[in-house]
Amino acid sequence: METVPAAEWDVASWQAREALQQPDYPDAAALESVLRQLSVLPPLVTSWEVNALKLQLAEAAHGKRFLLQGGDCAESFDECRADVITRKLKILLQMSLVLVYGLKTRIIRVGRFAGQYAKPRSDPFETRDGTTLHAYRGDIINGPAFTPEARTPDPQRMLQAFSSSALTLNFVRALSEGGFADLHHPEYWDLDFVRHSPLAGEYHDIVGAIKDAITFMESVTDAPLDELERAQFFTSHEALHLPYEQALTRSVPHQPRVYNLATHFPWLGVRTTHVDGAHVEYARGLANPLGLKVGPDATETWLKEMLDLLDPHQEPGRLTLITRFGAAHIERSLPPLIEAVLASGRTLLWTCDPMHGNTEVTESGLKTRRFENILGELELAFDVHAAEGSHLGGVHFELTGEDVTECTGGARGLDDADLERAYKSHVDPRLNAEQALEMALSIVRKCQRMGA
Ligand code: PEP
Ligand code: CO
């Protein structure tokens, strides 16, 4: 159903609302000039791709697909590199292979990449040794180094974020079109760790079983299964930096609504989901599917208002609820919200982000997340949905294909002392590749226990 949003909406109507988490650029003319340049550059994605994703998300809402969304908390310009991007795709492919096998359903792969450059911060300033500077807000806004130069918001960074997004997406598309993601050759995606991992046996058994199934299918149908040769990736990022998002929001011929063509799947983070706020106002007029983070403060009243604002026409695939309560809170917070959605008669896609409600700080001051709490929240999400007559249709992780030590636990038993070894994130702690694969295997074990 394609319908034009309420008459008063336009691509700039958010500017009359309170816009939280926006940078304060010192030079308004420089900002205007960058936004003008961005607004005429060719977009990163097309409306056809966006519509195709929306249809797939609608299927996931009905249990016919499962959404795997994952990637860095924040991408960085320094890591816009072939090796880093390749490893990120490999781990997402490995996870999706495990999930296809275990859940017996098609997987939608959505990266937190090609645009995940803006970060909301709890404190707009950071003080070190008596010096106070702007907090780091992601590479699209300022730099992580603790100097006045790096921390001053610079609009030129938007152009670099756009170019890095385009380079990333170009490489992702070329790899997936070129046979890298061919299911006949999952060995192309082996990451070094798999060879020495305690998970190697379980993973390779799954790869072997899938290869056998493909060979069998192709021999009985006497034709190669073309669809298996290309795994598609979609992109997502938090729609936080509104001037940038507006510049990439475009009209498309024959479509009544505008599209954010900087990404397939923008989401609203928990800090910017006030019903009267600028982010909600901006997002409601888009044709894209939208993700909505739902945190422990969410009330049924707020959720119902958001559903009416963001999805007034109950459009299939339009809205994905990404819950992130924390293992300690999900059993209390989730049931009333599921009941509110069921009472509204809507079929929405529910996914679980088990990362953001489970962040803690170690004694030495590092932000971390414990594998058992991440998995704990996820398992509870499956249970609570089942008990409420709903179902969990996807997962959302902060992860990397690199061998970092940012989250503790997992098969290798990383502890707080290990975190010092390879802690690279400037923002939130990510699962490393081995922990991410283990998470996928654990999801499958959970679903098998549930008899799904
Ligand atoms: C994030 O996904 O990186 C994030 C900031 O999440 P949330 O809005 O759920 O805190
Ligand atoms: Co994060």
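Biologist: How many residues surround ligand 1?

Modeller: Quick heads-up: this is a predicted model, where local features need pLDDT of at least 70, side-chain atom pairs count only at pLDDT 80 or more, and totals for chains, interfaces and linings use all residues. Residues are numbered from 1 along each chain as its sequence is written, chains are lettered from A and ligands numbered from 1 in written order, and side-chain values use heavy atoms, leaving out hydrogens and water. A residue counts as near if one of its heavy atoms lies within 4 Å. The closest are R112, K119, V270, K293 and R324, and the total around ligand 1 is 13.

Biologist: How much of the accessible area of ligand 1 does the protein cover?

Modeller: An oxygen atom of ligand 1 is 2.8 Å from a side-chain N or O atom of R112, and a polar side-chain atom of K293 also lies 2.8 Å from a ligand 1 oxygen. On its own, ligand 1 has 290 Å² of accessible area (Shrake-Rupley method, 1.4 Å probe). The protein covers 97% of that.

Biologist: Which residues coordinate the cobalt ion (ligand 2)?

Modeller: Donors are N, O and S atoms within 2.8 Å of the metal (3.2 Å for Na, K and Ca), and sites may look incomplete because water is not among the atoms. The distances here run from 2.1 to 2.5 Å. The donor residues are C73, H356, E398 and D428.

Biologist: H356 and E398: buried or exposed?

Modeller: Buried means under 20% relative accessible area and exposed over 50%, with partly exposed in between (1.4 Å probe, protein chains only). By that rule, H356 and E398 are both buried.

Terms used:
Polar contact = N/O pair within 3.5 Å; in protein donor to acceptor, adjacent residues only side chain to side chain.
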